[in-house]
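Good morning, colleagues. I would ask you to look at the model on the screen while I go through its confidence, its domains and its helix packing.

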Amino acid sequence: MSAVTLFFISSGIFLGWSLGANHAVNVFGTAVMSKMVRYRVAAVVAGIFVVLGAVFGGAGTTRTINQLGAVNAMAGSFTVSLAVGIAVAWMTKLKLPVSTSQAIVGGVIGWNLFTGSPTDGEAIMKILGTWVTSPLLAAAFAFVLFKAIEWLVKRARVHMLEVDAYTRTGLLVVGALASYTLGANNIANVMGLFVSATPFNDIAVGSVLTFTGTQQLFLIGGVAIAVGIFTYGQHVMVTVGSDLYRITPLSGFVVVLAESIVLFLFSSVWLEGLLRSMHLPTLPLVPLSSTQAVIGAVVGVGLAKHGRGINLQVLGKIAAGWVIAPIAAFLMAFVMLFFVQNVFEQPVIADSQYNVTASVLKAVATEGVNIDEVKPLVGKNFSSATQLRNTLEGLDRFSKAEVSVFLRLAKIDSLVVDSVGTASVAGDQALAPAQVRALKRMHGKVFLHPCDMEFAFSAAVIRTDSSSSTLWESLSPEQRIALTDAFRVRSSIVPKM
Amino acid sequence: MALLFKKTHLVESQIDEYLDLIVQGGIVFKEGVRFYLEGRMEEFEERLAILRDMENNADTLRRTIESQLYLRTLIPESRGDVLGLLESADRVLNIITDTLLEFSVEIPVIPANVRRPFQDLIEFSINCSDHTVGGIRAYFRNLEAVRDHINKVQLYRRETNRMAENIKRTIFRSRMTLSKKIHVRYFSYHIERIAEQSDDVCDRLAIAVIKKYE
């Protein structure tokens, strides 16, 4: 790895440190503030489990961040991460409980706007939706859990000292669980931007285990978060935590448990696969704000205690932080990108070419855009997003959202079907033998656009004992994204047009 | 799990043992005063010695519990209340012991007509301390039951005030010398203090319960 690469990744490491410093309070704040768990013990447990979560559970949410905006140049990733890291560190200094997840969204949108890249409306709605649902869900979980535990303690007439011992153990266990889910869910914020440009190669450990480049990247991010927890977490716990989390240890246990359940629900690829296999609706895998989940849970416990302990003033301050964080990161990213590109002359976006083909138009039409006016553009190449945008806007027929659809679908993205080892590509959701056979039949096929691959997969019929469907239909959204990532060819071997 | 909570169970049993000592102290006190009033001085002195041992044991046990709670940062949110309760309950046992000791040192002359009221006063005062201990035990396991104990303590305390007043009225209307009258009044006041101190413990207990419900 070159010094330049390391320098660029350093902003992700800084962001990881900020996240660790700021979010340790969400995981062990109550336990440490109530003196139930010593800070040193909490930091060690949190550090270990954050790293484990980041390395082994971090893949799911990263895809959503990349879907929102694929920051594809190292200097761009560096600048966005640095902007978000500064925004988070600055707000931590101002004692505002800030959400890294929200800040990163602001940063990526800043990059999209600066580079003229389209912002995926679906991804942004998915993320915004969870900003509302996650605190509500955490509040509901906390309410039910608190009532259940309160009933149990009263009914069982457990000695206060035993309740204390159980709570202490429980706080450590849920703290570890919350740390794991924090690592799994939030590593996307720290290192997600560098995934498309990871400088690491896969390392095979024996013949069974492969330590992928992304996992190595996540390990670095996880360690950065752990260092943040160790070096600055206690300070934030004392400043931010004492206002927010002055609740009893038992309530604290419920809060952290509810938080980790919610974070788990929104980051578990395994759970998504399980729900899908049972034909149940799935939850989107989105990097959530653990701060939001904690606040939701605190309100839930407050409601379970008939409204006692809810400090509306503090809640108002937190809500303001939720709005300020993404805006601050957005503005900072935008301004910093300008300087990096124009003063330091670093490319913040990789050169992308666009090509309008018949299949692209077909895909555009399936998204409800009228394509009659653009048929003459078929076969034309565009050397940048700006060129294609100017051409389309010159036609004066399309809204900004429709232009974004063109930009997303017409971008040249070389994909080569490689059926070797595809069965394990989708991680927890391994492909079925029939799907692998269908891929083998398409081995070596090259596609210029992801929509070309979609159409080819849609034409490939697979038959199982009970039913028959197309290959595309048989794949889950996660599997589709995983296969697209796996088949993507790096720019050096993009086939000539 | 049993190994994990070994220390917790140890502190738990120490607290129970400490509270048992207060209850046992009350019983020994009642017996001691009865022997004194019946003139069985040897047995009285024996009870006094037992009670003094009990008080010493209770003090040692209380200090052990306090250091355990602090060193192992147990029940951090209720530790202050628990220590306050244990310390003020200790004062009940101290008053009980001191009062019996004063019988031994000052040898008060209790007229025959107030011996029965004196024993009733002792009975009700010790009932106060017993229910105080019951309330503290309930505080650890069953918060809802604390209220019943507090109500009983308040009722018994009012009764002891009334009884002590009757004893004093009877004494000061008798033909005894003023010094003896004042001496008997002094003893009735000391026995009444057992109930007063128990009531103070219950005031703390009531606040501790409110804090637990917050």
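Predicted model: local features only at pLDDT ≥ 70, side-chain atom pairs only at ≥ 80, totals over all residues.

Two residues are taken to be in contact if their C-beta atoms, placed from the backbone, lie within 7 Å. With that cut-off, 6 residues of domain 2 of chain A are in contact with 5 residues of domain 3 of chain A. Helix 13 of chain A, residues 358-366, supplies 3 residues of the domain 2 side, the largest share. By class, this side of domain 2 of chain A holds 3 nonpolar and 3 polar residues, and no charged ones. For orientation, the domain assignment of chain A places domain 1 at 3-342, domain 2 at 354-409 and domain 3 at 415-493.

The predictor assigns the complex an ipTM of 0.86 and a pTM of 0.72. For chain B, the average pLDDT is 92, with 98% of the residues scoring at least 70. For chain A, the average pLDDT is 78, and 84% of the residues reach at least 70.

Where among the elements of chain A is the mean pLDDT lowest, and where is it highest? The lowest mean, 59, belongs to helix 3 of chain A (residues 59-68), and the highest, 87, to helix 2 of chain A (residues 39-57). Over residues 491-497 of chain A, pLDDT stays under 50, and the model has 7 contacts beyond four places in sequence for that stretch.

I turn now to the contact between the chains. Chain A contributes 14 residues and chain B contributes 15 residues. On the chain A side, helix 7 of chain A (residues 160-195) provides the largest share, 6 residues. The class composition of that side is 5 nonpolar, 4 polar and 5 charged residues.

Next, the helix packing, beginning with chain A. Helix 9 (residues 249-265) and helix 11 (residues 290-304) of chain A have axes that come within 8 Å and cross at roughly 135 degrees. The two helices of chain A, helix 9 and helix 11, are therefore oblique to each other. Their crossing, helix 9 of chain A over helix 11 of chain A, is right-handed. Among the residues that meet here are A:V254, A:A258 and A:V262 in helix 9 of chain A, and A:V294, A:A297 and A:V301 in helix 11 of chain A. The contact of helix 9 with helix 11 of chain A comprises 10 nonpolar residues, 3 polar and 1 charged.

Which way does helix 4 of chain B run relative to helix 5 of chain B, roughly parallel or roughly antiparallel? The axes of helix 4 (residues 115-141) and helix 5 (residues 143-172) of chain B come within 8 Å and cross at roughly 165 degrees. Because angles over 145 degrees count as roughly antiparallel, helix 4 of chain B is roughly antiparallel to helix 5 of chain B.

The contact includes B:G25, B:G26, B:F29 and B:G32 of helix 1 of chain B, and B:A89, B:L93, B:I96 and B:F103 of helix 3 of chain B. By class, helix 1 and helix 3 of chain B bring 13 nonpolar and 3 polar residues to this contact, and no charged residues.

Thank you; I am happy to take questions.

Conventions
Residues numbered from 1 in each chain as written. Chains lettered and ligands numbered in written order. Helix = DSSP H or I, 4+ residues; strand = E, 2+ residues; numbered from the N terminus. Nonpolar A, V, L, I, M, F, W, Y, C, P; charged D, E, K, R; others polar. Axes fitted to C-alpha atoms, helices over the stretch in contact; angles between N-to-C directions. Parallel < 35°, antiparallel > 145°, perpendicular 65-115°, else oblique. pLDDT = per-residue confidence, 0-100. Domains from an automatic or database assignment. Left-handed = near helix turned anticlockwise from the far one by under 90°.
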